[in-house]
Amino acid sequence: MKHRGRHRRRHRGRALRATLAGTALALTAAATMISTSQATDADDPGALKPLTAAADAAPLRLTEHAVPGAELRRLTASMGPAVGVGAVLADPDGALQDADVCSDDDRRALPVEPAVTTAYCWPERDTDGWRAGAVTTSGDADEDGRWGAHRVVLSGWTRDSGTPAEQGLARIAFVAADDDRAPRYTWALLAVPVDGGRDFRGLGSDVSGMVWYQDKLLVTTGRGEGGALYVYDLDRVQRATVDARAVGRVPGGWSAAGARYVLPAVASYATADPGAPRPGGISLDRTTTPDSLVVHEATAPDEEGPTRLWRYAFGPRPQYGPLLRTRPVAVYETELTHVRGVLAYRSDWYVSRGSGTPEERGTLWRQDTKGASPVRCGADETYRCWSGPATSLSYWQATGEVWSQSGRTLFSLPLAAVDEALER
């Protein structure tokens with residue numbers, strides 16, 4: 001079954017590349033025109049600099065805070081039995097659109113180089129007022145790339161309009177990415193239990209980073225939440241019973257700002273120092289022993305200094321003990337600024353850099369402790385080939401695909417194609 005599925009994806013990839021060829025050529029020309037305006041750090045950030053002093057690692061040490069089991073049981077008792085991922089996928093809210101029927105603006109959000117092989121766009125009616133964020137997949141969750149019988153993509157979104165109470169709410173879409181069906185999705189609100197498990201509130205943060213590891217979902221949060229990472233149990237999805245704009249317990253039941261499902265947090269990780277660097281994006285690296293969580297630092301848009309990259313090891317048996325080891329096992333510094341996504345594979349770190357403005361394209365680099373190489377495109381090999389608004393990078397090891405999201409467009413391409421574009 002897996003081989004037939006991959007054969008279908010190759011045919012779909014060839015068709016998609018043909019559909020997007022005209023758009024890609026136009027974008028390549030545009031990228032070439034602005035090649036002379038590359039920023040200094042984007043010209044050559046150089047090699048990664050290992051930070052080995054204890055003072056560099058100490059601020060990154062995490063402390064785990066578990067939500068008491070009694071609170072989670074009380075919430076479940078009030079809301080009804082929890083459901084799993086399969087039940088959520090079987091109850092979709094809508095379907096994504098294939099790239100060939102997406103708008104020109106949506107297709108312009110795709111990278112120029114390398115060419116994407118899979119791309120979809122979100123219906124405007126269902127994402128209006130929400131800002132796209134991070135992506136993770138069942139390729140992170142399990143080595144075979146599936147959760148049960150399904151290939152699944154999780155797509156994060158943050159509310160950026162509406163009432164003050166609505167702004168900043170976070171939700172994820174469970175997307176069924178199976179070979180033989182259209183990609184359908186179901187929304188779930190990210191929440192935090194309060195009042196001893198008698199109620200919940202919405203998580204108020206940008207969803208800039210997510211990793212699905214085994215049955216847990218790790219989500220990065222801003223300083224206002226007081227935690228660097230929140231943890232969700234994907235076997236503890238709760239059903240909302242009232243369709244309203246409110247969040248939490250309401251007359252007649254439970255509301256999740258219009259979503260029909262809720263994910264209550266089961267734990268969080270925080271740094272002891274409130275001024276410590278915070279995760280801006282995360283991804284999973286299965287090439288280390290044990291598996292590790294790769295992190296890039298969240299920085300202000302106007303910050304011009306270097307950006308830190310680091311990793312935490314996962315626990316040897318996270319189903320029976322702590323999910324993460326709380327001391328970083330490696331810390332680096334890159335000269336790249338405006339970092340939007342990071343992933344690591346063996347000794348290579350892939351770092352995407354935003355342009356600073358929505359209209360410009362971004363760059364994608366591969367770095368290690370010896371040097372750096374950019375993805376190039378256009379006649380004079382400009383570096384501005386990546387999607388400028390794209391957030392996060394997620395590697396699906398079972399298929400060799402890198403997934404990301406740019407505005408209303410969800411896309412993937414082979415990691416091997418990234419390496420080819422780097423090496424020419």
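Start by selecting Trp 122, Trp 157, Tyr 185 and Trp 187: ring pairs link these residues into a cluster. Here, rings of Phe, Tyr and Trp (its six-membered ring) pair if their centres lie within 6.5 Å; planes under 30 degrees apart count as stacked, over 60 as edge-to-face and the rest as tilted. Across the whole structure, a search turns up 13 aromatic pairs.

Some ground rules before you click on. This is a predicted model, in which local features need pLDDT of at least 70 and side-chain atom pairs count only at pLDDT 80 or more, while totals for chains, interfaces and linings use all residues. Residues are numbered from 1 along each chain as its sequence is written, and side-chain values use heavy atoms, with hydrogens and water left out.

**Stop two: a pair of rings**

Select Tyr 332 and Trp 349. How far apart are the ring centres of Tyr 332 and Trp 349? The distance is 5.4 Å, and the planes are at 65°, so this pair is edge-to-face. Tyr 332 belongs to strand β21 (residues 324-334) and Trp 349 to strand β23, so the pair ties together parts that are 17 residues apart in sequence. (Helices, H or I with at least four residues, and strands, E with at least two, are DSSP runs numbered from the N terminus.) Are Tyr 332 and Trp 349 buried or exposed? Both are buried, where buried means under 20% relative accessible area, exposed over 50%, and partly exposed in between (1.4 Å probe, protein chains only).

**Stop three: another pair**

Now pick Tyr 345 and Tyr 395. Their ring centres are 5.3 Å apart with planes at 75°, so this pair is edge-to-face too. Tyr 345 sits in strand β22 and Tyr 395 in strand β26 (residues 391-396), 50 residues apart, so distant parts of the chain are linked. Tyr 345 counts as buried at 18% relative accessibility, and Tyr 395 is buried at 12%.

**Stop four: a sheet of four strands**

Stay with β22 and show its sheet. Which order do the strands take? They form an open sheet in the order β22-β23-β24-β25, with antiparallel pairing; two strands pair if DSSP finds at least two bridges between them. At the edges stand β22 (339-345) and β25 (372-374), each with a single partner strand, so one side of each is left without a neighbour in the sheet. On average, neighbouring strands here are turned by 20° against each other, direction ignored. (Axes are lines fitted to C-alpha atoms, for helices over the stretch in contact, and angles run from 0 to 180 degrees between N-to-C directions.)

Zoom in on β22 and β23 (residues 348-353): they pair over six bridges in the antiparallel sense.

**Stop five: a sheet of five strands**

Next, show the open sheet with the order β1-β21-β20-β19-β18, again with antiparallel pairing. Its edge strands are β1 (49-50) and β18 (279-285), each pairing on one side only. Two bridges join β1 to β21, and Lys 49 stands opposite Glu 333 in β21.

**Stop six: the disulfides**

How many disulfides does the structure hold? There are two, a disulfide being a pair of cysteine sulfur atoms within 2.5 Å. Select Cys 102 and Cys 121, with S to S at 2.1 Å. Cys 102 is in the loop between β4 (97-98) and α6 (104-108), and Cys 121 is in strand β5 (residues 118-121), 19 residues apart. Cys 102 is buried at 7% relative accessible area, and Cys 121 at 0%.

Then go to Cys 377 and Cys 385, whose sulfur atoms are 2.3 Å apart. This link is left-handed, with -100° about the S-S bond.

**Last stop: the core**

Finish by selecting Phe 174, Trp 212, Leu 217, Tyr 232 and Leu 263, which have the most contacts inside the largest nonpolar core, a group of 29 residues. Such a core is a set of buried Ala, Val, Leu, Ile, Met, Phe, Trp, Tyr and Cys residues joined through side-chain atoms within 4.5 Å. Strand β8 (170-176) is among the elements that give two or more residues to this core, and β8 gives the most, with four.
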